[in-house]
Amino acid sequence: MATYYGTYGQKVQYLASDPASPQAGQVWFNSTSNLLKVAVDIQGAWASGGNLPTSLFNNFVAGTQTAGLSAGGALGGSPTTNVTNEYDGTSWTAGGNLGTSRSGGGSAGTQTAGLAIGGNPTEPALGVVNVEEYNGTSWTAGGNLPTATVNLAGCGTQTIALAIGGTVPTAGGTATNASREYDGTSWTAGGNMTNSRNNNAGAGTQTTALTFGDAAAVPVAILVEEYDGTSWTAGGNLPIGKRQLGAAGAQTAALAFAGQPIPEAPVVADAFIYDGTSWTATGSMANARRQLQGCGTQTSALTAGGNPSSSSYGSTDSTEEFTGGPTVVTRTVTGT
Amino acid sequence: MAYKYCTAENWGKGFIEIGESSNFDISGLPGNVWRIPANNKDANLWVFKVAGSFKTKSEAQAIVDAEVAKAQAAYDALPEDQKNNSINRRPENIVLE
């Protein structure tokens, strides 16, 4: 009879407990649980994180998977909140409140240097020009947007940020193709996108940004645009045209997840990774939702809140954490 | 693929772990209903871990229907000018597979 040693030239390790950092392909026998185990590589999957204290959607989300920030958002229906919560990788604790309650703005920065850009104090959308900066304790006013904008995307840092697209209520609620650059004090016009879009997502930095998704039309919703600090050029198309989706990562290593395929399809939980050229499907979230934001990197992302419904009255307290790339998890080997 | 259903309250961190979601699909539905693959030992172990309660498909469908009906009633009670716009549609019925 063939043996493991004979086939692989190694003996199966006999261990009292699972190794702390197993390598992909490593096999061992856990003598405490009497189970044969193997470590395998996964390419991306979602786990549940600590629930938000309150169900929300369209909240600002920034930071990293283990140092996240959630601020504002809609409570389901018209009311918006100014509540801020900070995530430590396990649970959320209260931070300082936003000066202006709102939802549907753009986000940038980190848990201790966050940026909330524009947004919407009520439904239907009226929009605000307010920008606020968070220092880990409290929010203070930053430089106002030139125009009240809602349902836009944000990326970058607190002092080098980019606001991308969005809806301009004073222009009849139409989408804009404008991008705006923030230097920590004021906003200046960036390059115009090829396409006007709102309810889009953004990732990257002010000079290496990425945006995708749109509320209005399938032709735009699948189109991806990349920014070099001056002008926008076409990236690889999303596999599915969506709006109100989440994003994390960088221009050449992005993650897009959940949202609402258009026109008017039920919300989804799927996720895709971008390599700067094309998108590949990765593990789906447990809970489908739209009107959500993400933060972190392509291989370590975070999202919290969102709307699981096609109506404005859905919201969730669910947090999900994405781990991508080669990640070793342990499987128990059982007989048939 | 054949599915099984259970109800379980998502307590947050640790409810679904990477080793579980990378091993089998877990889909959340309204009413704390969760869909997992049938005849999957790891999925069954997950239901045990989260103290889930297995439901037949018809039982799960009834729970989901009740939650969707609540959302539809909330939508129906909205003023007409807030309905059927680009971000606010009547919640769809969900038919379990």
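This is a predicted model: local features need pLDDT of at least 70, side-chain atom pairs count only at pLDDT 80 or more; totals for chains, interfaces and linings use all residues.
1. **Domains of chain A.** Domain 1 covers 4-42 together with 327-333, while domain 2 takes in 43-325. As you turn the model, look for both parts: the centres of domain 1 of chain A and domain 2 of chain A, taken over C-alpha atoms, are separated by 40 Å.

2. **Elements of chain B.** Chain B has three helices and four strands. If you follow chain B from the N terminus, the order of the elements is β-α-β-β-α-β-α. The radius of gyration of chain B is 16 Å, whereas the globule rule gives 13 Å for 97 residues, so chain B is more spread out than a compact globule.

3. **Extent and packing of chain B.** The C-alpha trace of chain B spans about 50 × 30 × 25 Å along its principal axes. Buried residues make up 29% of the 97 residues in chain B. Taking the contacts in chain B between residues at least 6 apart in sequence, 64% join residues at least 24 apart.

4. **Where the chains touch.** Finally, have a look at the contacts between the chains: 31 residues of chain A meet 25 residues of chain B. On the chain A side, the elements giving two or more residues are β3 (35-49) and β29 (319-333) of chain A. What kinds of residue make up the side of chain A that touches chain B? They divide into 19 polar, 10 nonpolar and two charged.

Notes. Residues are numbered from 1 along each chain as its sequence is written. Chains are lettered from A and ligands numbered from 1 in the order in which they are written. Two residues are in contact if their C-beta atoms, placed from the backbone, lie within 7 Å. Ala, Val, Leu, Ile, Met, Phe, Trp, Tyr, Cys and Pro count as nonpolar, Asp, Glu, Lys and Arg as charged, and the others, Gly among them, as polar. The radius of gyration is taken over C-alpha atoms; the globule rule is 2.2 Å times the number of residues to the power 0.38. A residue is buried if 20 or more other C-beta atoms lie within 10 Å of its own, exposed if 12 or fewer, and partly exposed in between; C-beta atoms are placed from the backbone. Domain bounds come from an automatic or database domain assignment.
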